[in-house]
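Here is a short briefing on one protein structure. Look at the model first, then read the points below.

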Amino acid sequence: MDGAATVLVVDDSRTKRYLLVSWLTRAGFTVLEAETGGEALRRVGVEPVDLVVLDVRLPDMSGFEVCEQLKSAHPALPVIHVSAHAIDTADRTQGLTRGADAYLAEPIEPEELVATAHAVLRYYQARQRAELLAERLTGLADTTLAVHSAPNFARLLESAATGAAEIFKSPAAVIAETFDGDCLAGVSTGPGAEGLIVPWVVDDTGVPTGTVVTVQDPAGWALADWPTDDTVTVAAARLREDRAPIYVVVPTSTQTARTPVLVQLAQAVASAAEAQRSFDEEHRIAVTLQRSLLPRRIPEIAGLDLAVRYEPASARTEVGGDFYELVMLDGHLLLAIGDVAGHSLHAATVMAELRHAVRAYAVEGHQPGEILHRVNELMRTLLPNELATICVLLLDPSTGHVRLASAGHLPPLISQDGKVEYVQHSAPLLGVRAPRPADLEFVLPAGATMVFYTDGLIERRDVTIDDGLVALSASASRVDDDLDRFCERLLVELAPHEIQDDVAVVVLRRR
């Protein structure tokens, strides 16, 4: 409001200063006084000043210099020049050119001074509101992108809370419910602070579909240290009646009329949260389907220890094409591990067909190379556009005799007494018509461990396959007594925090 604005009157003439102060005070302004340019420069920035009424001629420097320095340090501070001396066009031009917003020459009428003060304040207040809105809309755009790009629900809430804190330059909290029904809050203590995730429960009773903004007691939202003597403004956005609303909570003192940015932020977070809930739900279904296509249990075999670890890609809703097989046939262990190209329901169905084909040909008594030959013919006939890698092994547990064939799959690894060796068997992928080498035959020594894996364990965007194989050999040089713990350690040491591709690991140890 103009009437609540503070005006600094700078004039070395006590009489003239008295008149200016009187006129402005009667108009409802709060008025401060300074006699020199130096005093004015010292006070602005220390005391709250909304407008400077500045004499052109001062004892220590010209009003033009004072205005120029004020504008350099405080571009949004309006300045009105007043002059008690005859002026020409050059003086007025110099004053306006060096930053003044108006130039009044005596005789000055009180109404003219007050009207000019109101005019320049209206302009600057409108400018400040526009600049604030533009800054907040930029922050809103950045936050909207961040929440829609979040890889999981917790990161979404963290991004929303840190974004709200940056937009409103204050503490902020964002509360939402996961598709599992867990209610979480992302909290930021202020701009630049990291977001924190904490459990929080909200009573959603009576919250309608749409967006509702209310002013509430901060005691009901004790998630942050809210400013003293202030309330909180809560925007609740609900997209569907069957979904819980999301809440964005900020200090009321940060809000402008109609809270447009807060409303848009709440709606953006609600949209992102709904997408994430659907994503998580679909991912859960996809993983359930994927696991249903894999062996239900690991066989117990005298003389062998077995362990398996399968992790779906954390950033995908689709099921993948990684698979493994472990089954005893005529006293021999059939072990197979493979990867169908692609990530989709189609890849999973191809994976299931290959897995069952391998089992069927193995039951017929075929050796690994013949199994792969027949599976390849099946693929080329019925699935002509598909590609897959696979490694198949038949092991006699009593003697350790191994017969192995590969089709473009990464080489299994043998670890014993700290020494690691890759079992190389180069052969074309499934789906390609090309000659295949004879089966590889060897004896797995007692105490040795074999590690089979898919490429998700060692492939990274920033390293080569060879680097990944070196890292795997280093991790596998020591084999834990508990093979389940060994599998877990391999994933921890080699797989990224957010798995970008499915990972299957099968480990067997001959006692």
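Asp229 is exposed, because its relative accessibility is 80%. Here buried means under 20% relative accessible area, exposed means over 50%, and partly exposed is in between, with a 1.4 Å probe and protein chains only. Asp229 sits in the loop between E9 and E10. This is a predicted model, in which local features need pLDDT of at least 70 and side-chain atom pairs count only at pLDDT 80 or more, while totals for chains, interfaces and linings use all residues. Residues are numbered from 1 along each chain as its sequence is written, and side-chain values use heavy atoms, with hydrogens and water left out.

**Backbone details**

- Asp229 has a positive phi of about 60°, although it is not a glycine.
- Thr259 also has a positive phi, near 40°, and is a residue other than glycine.
- Thr259 is found in the loop between E11 and H7. Helices (H or I, at least four residues) and strands (E, at least two) are DSSP runs, numbered from the N terminus.
- Is Thr259 buried or exposed? Thr259 is buried, because its relative accessible area is 12%.
- Glu106 and Pro107 are joined by a cis peptide bond, with omega about 5°.
- Pro107 has its place in the loop between strand E5 (102–105) and H5.

**Nonpolar cores**

- A nonpolar core is a set of buried Ala, Val, Leu, Ile, Met, Phe, Trp, Tyr and Cys residues joined through side-chain atoms within 4.5 Å.
- The largest nonpolar core has 52 residues. Leu354, Leu393, Met450, Phe452 and Leu508 touch the most other members.
- Which helix gives the most to this core? Helix H8 (residues 345–363) does, with eight residues.

**Contacts of single residues**

- Contact means heavy atoms within 4.5 Å.
- Leaving aside neighbours within four places in sequence, Leu393 is in contact with residues including Leu333, Val402, Arg403, Met450, Phe452 and Leu508.
- Thr449 lies in strand E20 (residues 449–453). Thr449 is buried, with a relative accessible area of 1%.
- Not counting residues up to four places away in sequence, Thr449 touches Leu413, Ile414, Ser415, Val479, Phe486, Val507, Leu508 and Arg509.
- Asp280 is in helix H7 (residues 260–292). Leaving aside neighbours within four places in sequence, Asp280 is in contact with Phe153 and Phe179.
- Asp280 and Leu333 are 53 residues apart along the chain, and their C-alpha atoms are separated by 37 Å.

**Aromatic pairs**

- A pair of aromatic rings is described by the distance of the centres and the angle of the planes.
- Rings of Phe, Tyr and Trp (its six-membered ring) pair if their centres lie within 6.5 Å. Planes under 30 degrees apart count as stacked, over 60 as edge-to-face and the rest as tilted.
- By this rule there are two aromatic pairs.
- Tyr123 and Tyr124 form an edge-to-face pair, 5.1 Å centre to centre and with 85° between the planes. Tyr124 counts as buried, at 5% relative accessibility.
- The Trp221 and Tyr247 rings have centres 5.6 Å apart and planes at 50°, so this pair is tilted.
- Trp221 and Tyr247 are both buried.

**Helix packing**

- Helix H5 (residues 110–149) and helix H6 (residues 153–168) pack at an angle of about 175°, with their axes 9 Å apart. Axes are lines fitted to C-alpha atoms, for helices over the stretch in contact, and angles run from 0 to 180 degrees between N-to-C directions.
- H5 is therefore roughly antiparallel to H6. Angles under 35 degrees count as roughly parallel, over 145 as roughly antiparallel, 65 to 115 as roughly perpendicular and the rest as oblique.
- Residues of H5 including Arg136, Gly139 and Leu140 meet residues of H6 including Ile167 and Phe168.

**Cysteines**

- The structure holds zero disulfides. A disulfide is a pair of cysteine sulfur atoms within 2.5 Å.
- Cys391 is buried, with a relative accessible area of 1%. Cys487 is buried, with a relative accessible area of 1%.
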